[in-house]
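Biologist: I've got the sequence and the fold open side by side. Could you walk me through how the labels get decided?

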Amino acid sequence: MVTTRSRSKNSRVAEKDRSKERYAYRPRSSFEESDALVGYKYVDHYLQYDCLLTREELQRLDEHVYSAVDTSWLDELCMKKFWEAVVLYYPLWVAPNLLTLIGLIVNLTTVLVLSFYCPTATETAPAWAYFLAALGLFIYQTLDATDGKQARRIGASSPLGELFDHGCDSASQVFVTLNVCYALQLGSVRCGVFIACIIAISLFYTAHWSTYCTGQLRFARFDVTEAQWSIMIMLMCTGVFGPNIWSVGVFGYALRHLILAAAALGTVYQALGYLAVIFTDGVGKNGSTVAGTSVLFPICPLLAVIVPYCMIYSKSASSVYDDLIVLFVLQFGAVAAKATNRLIVAHMSRSELVLWDWIYVGPIALMINQYYDIKIDERFLLKCTTVYVYVSLLVYCLFITRQICDHMGIFCFKVTAKNATHK
């Protein structure tokens, strides 16, 4: 008995030492020559700082193993069985990342359709547009839930798949939220569209913030699946009864106001749960993150996204951001998506976060134009900076994906024998 206890104790000590070593702080190393560079000094400097991973980060990302705890009520009740049945109909040659990309494109298509009919989120779209948005969200949910199952089915699981999945989810947040705003006509509520997007984006970021601290993605009883079904039901009700259904008074308040308040309260409750995990369950030394850094620092990129846009929206003396609210929140969503993608990459590669990102040039330009009364038309500048932030996000995603594919010797949208070695 004494020997057994001694071995058990030694085993726990060794495991603890390995954990400390795995989650120890490692300063970011300098870049070496990379095939991803294009050969122009200033462009390469931009890529190295903004888009590329170091060799050590790539090696740690290669070691990453996906870990999640799913207690979602609907998932356990019926959705997992449905998704497991659906995946059997996919051809074996279909790459999992292709499924993810199709889901993103479907979401983008539905939001563009409703944006055409509801440019300020105060108009009424044809009934079929709301039904299309509900169907699109269902397709997106199904593809998003089955891409990982397809990867395991064909032996093509890899860290790239997880990154691509969550990266597309981060971009989709603003699309799904906008469809909700169109259904509820939140453009008629002061700051309603912007507040709804802040709620959705903050909660998604906080979920991955907790993952960066614990190394494990955790789903609550009421989580993504339940929220998506709630949105689908809302869109279908709007298609049947029209958006005026949400103007019905309940206890002296419009139904849309009560829904927005309930969403805010639910977000606070969910966020408090994530924050409790962040402050108590860090796996690094002294409760730090997987990179051995402070669990508080990830709030800085989130504030760097939200605060400037709040200042821009509130400072404007004109109605330009209400008239172009869709464009404004699409830009906001792109900046938030890049910040979230950086957080996901930092978690998977166990690396520290950096505060500055070149995508912030977009909101900074809008702020400088306002606060220093530079005579540049706000509409024109908003359109230009929106193009800029989406180019910045796209370049980041393309170069990160290419670099990981080159490092692992795999293809993003093609199933090969090499993919099967990354299980």
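Modeller: Let's start with D322: it has a relative accessibility of 31%, so it counts as partly exposed. Keep in mind that this is a predicted model.

Biologist: Why is D322 called partly exposed rather than buried or exposed?

Modeller: Buried needs under 20% and exposed needs over 50%. D322 comes out at 31%, so it takes the label in between.

Biologist: What makes D322 and R190 a salt bridge?

Modeller: The rule asks for a side-chain nitrogen of Lys or Arg within 4 Å of a carboxyl oxygen of Asp or Glu. Here the closest N and O atoms are 3.0 Å apart, and the pair counts. The two sit in distant parts of the chain, 132 residues apart: D322 in helix α12 (residues 320-323), R190 in the loop between α7 and α8.

Biologist: How many salt bridges does that rule give?

Modeller: Ten. The general idea is that side chains of opposite charge can pair when their charged atoms come close.

Biologist: How do you know that R342 and D50 belong on that list?

Modeller: Same test, with a cut-off of 4 Å. Their closest N and O atoms are 3.0 Å apart, which makes R342 and D50 a salt bridge. R342 lies in helix α13 (residues 325-349) and D50 in helix α2 (residues 41-50), so the pair ties together parts that are 292 residues apart in sequence. Both R342 and D50 are buried.

Biologist: What about D357 and K338, what makes them a salt bridge?

Modeller: Their closest N and O atoms are 2.9 Å apart, and the limit is 4 Å. D357 is in the loop between α13 and α14, with K338 in helix α13, 19 residues apart.

Biologist: Which residues are linked with K338 in a network of salt bridges?

Modeller: D50, R342 and D357 are linked with K338 in that network.

Biologist: What makes the Q185 and T124 pairing a polar contact?

Modeller: The N or O atoms must be within 3.5 Å, and these side chains are joined at 3.2 Å. Leaving out residues up to four places away in sequence, Q185 also touches A121, T122, E123, P243, N244 and R256.

Biologist: How do you know that A336 is buried?

Modeller: The cut-off is under 20%, and A336 has 3% relative accessibility, so it qualifies. A336 lies in helix α13. Beyond four places away in sequence, A336 touches I201 and V305. From A336 to S170 it's 7.9 Å in space, C-alpha to C-alpha, though they are 166 residues apart in sequence.

Biologist: On the outside, which residues form the nonpolar patch?

Modeller: Y49, W356, W358, V361, I364, I368, Y371, Y372, I374, I376 and F380, with about 1000 Å² of accessible area together. Helix α14 (residues 361-371) gives the most, with four residues.

Biologist: Which stretches are called transmembrane, and where does that come from?

Modeller: From an unreviewed UniProt entry, whose "transmembrane region" annotation covers several stretches, including 87-115 and 258-279. In the model, residues 258-279 are 100% helix, with end C-alpha atoms 31 Å apart. Residues 87-115 are 69% helix and 0% strand, with ends 32 Å apart.

Conventions:
Residues numbered from 1 in each chain as written. Predicted model: local features only at pLDDT ≥ 70, side-chain atom pairs only at ≥ 80, totals over all residues. Heavy atoms only, no water. UniProt positions renumbered as here; feature names shortened; annotations may be inferred. Patch = residues over 30% accessible without salt bridge, like charges linked within 9 Å, V, L, I, M, F, W, Y side chains within 5 Å. Areas by Shrake-Rupley, 256 points an atom, 1.4 Å probe, with all protein chains shown as cover. Polar contact = N/O pair within 3.5 Å; in protein donor to acceptor, adjacent residues only side chain to side chain. Contact = heavy atoms within 4.5 Å. Buried < 20%, exposed > 50% of the residue type's maximum accessible area, 1.4 Å probe, protein only.
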